[in-house]
Amino acid sequence: MNINNRQQLLAFVAISAVALLASDRFLNSPLTRVWKERAGRVAELKKSVAQGTRLLEHDQMIRNRWDGMRTNMLPADVSTAENEVLKAFDRWEQESRINVSSKKPQWKRNSDDYMTFECRVDATGTMPALTRFLYEVEKDPLALKVESVEIVSRDNDGQQLSLALQVSGLVLNPPSQP
(Lines give C-alpha, C1' and ligand atoms only; values in the text may rest on other atoms or scores of the structure.)
Protein backbone atom coordinates (compact mmCIF):
# COMPACT_ATOMS: atom_id res chain seq x y z
CA MET A 1 0.00 0.00 0.00
CA ASN A 2 1.21 3.45 -0.86
CA ILE A 3 2.10 5.89 1.95
CA ASN A 4 -0.10 8.62 0.46
CA ASN A 5 -3.04 6.24 0.27
CA ARG A 6 -2.39 5.13 3.84
CA GLN A 7 -2.21 8.74 5.05
CA GLN A 8 -5.39 9.56 3.16
CA LEU A 9 -7.10 6.50 4.65
CA LEU A 10 -5.98 7.41 8.19
CA ALA A 11 -7.06 11.02 7.67
CA PHE A 12 -10.43 9.81 6.39
CA VAL A 13 -10.85 7.47 9.40
CA ALA A 14 -9.81 10.25 11.82
CA ILE A 15 -12.16 12.78 10.22
CA SER A 16 -14.97 10.19 10.24
CA ALA A 17 -14.37 9.44 13.94
CA VAL A 18 -14.39 13.15 14.82
CA ALA A 19 -17.55 13.63 12.72
CA LEU A 20 -19.24 10.69 14.47
CA LEU A 21 -18.23 12.01 17.90
CA ALA A 22 -19.46 15.50 17.04
CA SER A 23 -22.74 14.19 15.65
CA ASP A 24 -23.21 12.14 18.83
CA ARG A 25 -22.53 15.11 21.09
CA PHE A 26 -24.45 17.72 19.14
CA LEU A 27 -27.25 15.70 17.51
CA ASN A 28 -27.89 12.25 18.93
CA SER A 29 -27.58 13.03 22.67
CA PRO A 30 -29.77 16.16 22.63
CA LEU A 31 -32.34 14.51 20.40
CA THR A 32 -32.43 11.43 22.65
CA ARG A 33 -32.87 13.63 25.75
CA VAL A 34 -35.68 15.61 24.10
CA TRP A 35 -37.31 12.35 22.98
CA LYS A 36 -37.24 10.95 26.53
CA GLU A 37 -38.63 14.18 27.98
CA ARG A 38 -41.47 14.15 25.48
CA ALA A 39 -42.16 10.48 26.15
CA GLY A 40 -42.40 11.30 29.87
CA ARG A 41 -44.74 14.19 29.17
CA VAL A 42 -46.91 11.97 26.95
CA ALA A 43 -47.08 9.39 29.77
CA GLU A 44 -48.16 12.13 32.22
CA LEU A 45 -50.82 13.35 29.82
CA LYS A 46 -52.12 9.81 29.26
CA LYS A 47 -52.35 9.35 33.03
CA SER A 48 -54.19 12.66 33.35
CA VAL A 49 -56.62 11.71 30.58
CA ALA A 50 -57.25 8.34 32.24
CA GLN A 51 -57.97 10.07 35.55
CA GLY A 52 -60.32 12.52 33.82
CA THR A 53 -62.11 9.65 32.11
CA ARG A 54 -62.58 7.90 35.47
CA LEU A 55 -63.98 11.12 36.94
CA LEU A 56 -66.41 11.46 34.04
CA GLU A 57 -67.52 7.85 34.49
CA HIS A 58 -68.25 8.50 38.18
CA ASP A 59 -69.71 11.95 37.59
CA GLN A 60 -73.23 11.14 38.73
CA MET A 61 -72.07 9.31 41.84
CA ILE A 62 -69.78 12.20 42.82
CA ARG A 63 -72.54 14.75 42.23
CA ASN A 64 -75.04 12.71 44.27
CA ARG A 65 -72.56 12.43 47.13
CA TRP A 66 -71.86 16.18 47.03
CA ASP A 67 -75.59 16.95 46.99
CA GLY A 68 -76.01 14.67 50.00
CA MET A 69 -73.25 16.51 51.81
CA ARG A 70 -74.76 19.88 50.97
CA THR A 71 -78.23 18.89 52.16
CA ASN A 72 -76.88 17.48 55.46
CA MET A 73 -74.56 20.43 56.01
CA LEU A 74 -75.20 22.81 58.86
CA PRO A 75 -77.72 25.57 58.10
CA ALA A 76 -76.40 29.04 57.26
CA ASP A 77 -78.13 30.58 60.29
CA VAL A 78 -75.64 30.45 63.19
CA SER A 79 -78.15 29.91 65.99
CA THR A 80 -80.07 27.24 64.04
CA ALA A 81 -76.87 25.38 63.23
CA GLU A 82 -75.68 25.48 66.82
CA ASN A 83 -79.09 24.33 68.06
CA GLU A 84 -79.13 21.46 65.56
CA VAL A 85 -75.71 20.18 66.67
CA LEU A 86 -76.52 20.48 70.37
CA LYS A 87 -79.82 18.63 69.86
CA ALA A 88 -77.93 15.91 68.01
CA PHE A 89 -75.52 15.58 70.95
CA ASP A 90 -78.49 15.28 73.33
CA ARG A 91 -80.01 12.58 71.11
CA TRP A 92 -76.73 10.63 70.91
CA GLU A 93 -76.28 10.97 74.67
CA GLN A 94 -79.72 9.48 75.34
CA GLU A 95 -79.30 6.66 72.81
CA SER A 96 -75.92 5.60 74.18
CA ARG A 97 -76.63 6.28 77.88
CA ILE A 98 -73.44 8.18 78.62
CA ASN A 99 -73.03 11.15 80.96
CA VAL A 100 -71.95 14.33 79.21
CA SER A 101 -70.21 16.65 81.65
CA SER A 102 -69.54 19.57 79.31
CA LYS A 103 -70.17 20.87 75.81
CA LYS A 104 -68.03 23.71 74.53
CA PRO A 105 -69.26 25.10 71.20
CA GLN A 106 -67.17 27.59 69.25
CA TRP A 107 -67.56 29.32 65.87
CA LYS A 108 -64.59 30.04 63.63
CA ARG A 109 -64.79 32.24 60.53
CA ASN A 110 -62.01 30.96 58.31
CA SER A 111 -62.90 33.02 55.24
CA ASP A 112 -65.78 34.91 53.71
CA ASP A 113 -67.04 31.75 51.99
CA TYR A 114 -67.41 29.45 54.98
CA MET A 115 -67.39 29.09 58.75
CA THR A 116 -66.76 26.09 60.95
CA PHE A 117 -68.59 25.15 64.10
CA GLU A 118 -66.39 23.27 66.53
CA CYS A 119 -67.73 21.55 69.58
CA ARG A 120 -65.78 19.75 72.30
CA VAL A 121 -67.64 17.27 74.47
CA ASP A 122 -66.41 15.63 77.67
CA ALA A 123 -68.30 12.54 78.77
CA THR A 124 -68.04 9.44 80.95
CA GLY A 125 -69.42 5.95 80.61
CA THR A 126 -68.63 2.31 80.03
CA MET A 127 -66.84 0.99 76.97
CA PRO A 128 -70.09 -0.22 75.31
CA ALA A 129 -71.78 3.12 76.00
CA LEU A 130 -68.88 5.15 74.60
CA THR A 131 -68.59 2.98 71.51
CA ARG A 132 -72.33 3.31 70.96
CA PHE A 133 -72.02 7.10 71.31
CA LEU A 134 -69.18 7.24 68.76
CA TYR A 135 -71.18 5.01 66.44
CA GLU A 136 -74.18 7.33 66.67
CA VAL A 137 -71.97 10.36 65.93
CA GLU A 138 -70.49 8.69 62.86
CA LYS A 139 -73.70 7.27 61.38
CA ASP A 140 -75.80 10.40 61.82
CA PRO A 141 -76.60 12.16 58.53
CA LEU A 142 -75.60 15.50 60.07
CA ALA A 143 -72.31 16.42 58.37
CA LEU A 144 -69.88 16.56 61.27
CA LYS A 145 -66.22 15.63 61.14
CA VAL A 146 -64.64 13.94 64.14
CA GLU A 147 -61.47 15.94 64.73
CA SER A 148 -60.15 14.12 67.80
CA VAL A 149 -61.10 11.35 70.21
CA GLU A 150 -59.42 10.71 73.53
CA ILE A 151 -60.49 7.90 75.83
CA VAL A 152 -58.97 7.57 79.32
CA SER A 153 -59.70 5.05 82.07
CA ARG A 154 -61.07 6.56 85.28
CA ASP A 155 -60.57 3.44 87.44
CA ASN A 156 -58.08 0.59 87.76
CA ASP A 157 -60.38 -1.97 86.11
CA GLY A 158 -61.14 0.16 83.06
CA GLN A 159 -64.88 -0.03 83.69
CA GLN A 160 -65.43 3.72 83.84
CA LEU A 161 -63.96 5.63 80.92
CA SER A 162 -63.66 9.31 80.16
CA LEU A 163 -64.18 10.56 76.59
CA ALA A 164 -62.99 13.83 75.11
CA LEU A 165 -64.44 14.32 71.63
CA GLN A 166 -64.03 17.24 69.26
CA VAL A 167 -66.18 17.54 66.13
CA SER A 168 -66.52 20.25 63.53
CA GLY A 169 -69.21 21.17 61.04
CA LEU A 170 -69.11 23.34 57.95
CA VAL A 171 -71.36 26.25 57.03
CA LEU A 172 -70.97 27.43 53.44
CA ASN A 173 -71.71 31.05 52.54
CA PRO A 174 -72.56 32.18 56.08
CA PRO A 175 -74.52 35.39 56.55
CA SER A 176 -72.33 38.46 56.85
CA GLN A 177 -71.96 39.90 60.29
CA PRO A 178 -72.71 43.61 60.76
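**Exercise 1.** By about how much of helix H3 are Phe89 and Trp92 separated?

*Solution.* The model is predicted: local features need pLDDT of at least 70, side-chain atom pairs count only at pLDDT 80 or more, and totals for chains, interfaces and linings use all residues. Residues are numbered from 1 along each chain as its sequence is written, and side-chain values use heavy atoms, with hydrogens and water left out.

Step 1. Helices are DSSP runs of H or I with at least four residues, strands are runs of E with at least two, and both are numbered from the N terminus.

Step 2. Because Phe89 and Trp92 are three residues apart in helix H3 (residues 78-96), about one helical turn separates them.

**Exercise 2.** Classify the ring pair of Phe89 and Trp92.

*Solution.* Step 1. Rings of Phe, Tyr and Trp (its six-membered ring) pair if their centres lie within 6.5 Å; planes under 30 degrees apart count as stacked, over 60 as edge-to-face and the rest as tilted.

**Exercise 3.** Describe the pair of Trp107 and Phe117.

*Solution.* Step 1. The ring centres of Trp107 and Phe117 are 4.8 Å apart with planes at 50°, so the pair is tilted.

Step 1. Trp107 belongs to strand E1 (residues 99-109) and Phe117 to strand E2 (residues 114-125), so the pair ties together parts ten residues apart in sequence.

Step 2. Trp107 is partly exposed at 23% relative accessible area, whereas Phe117 is buried at 1%.

Terms used:
Buried < 20%, exposed > 50% of the residue type's maximum accessible area, 1.4 Å probe, protein only.
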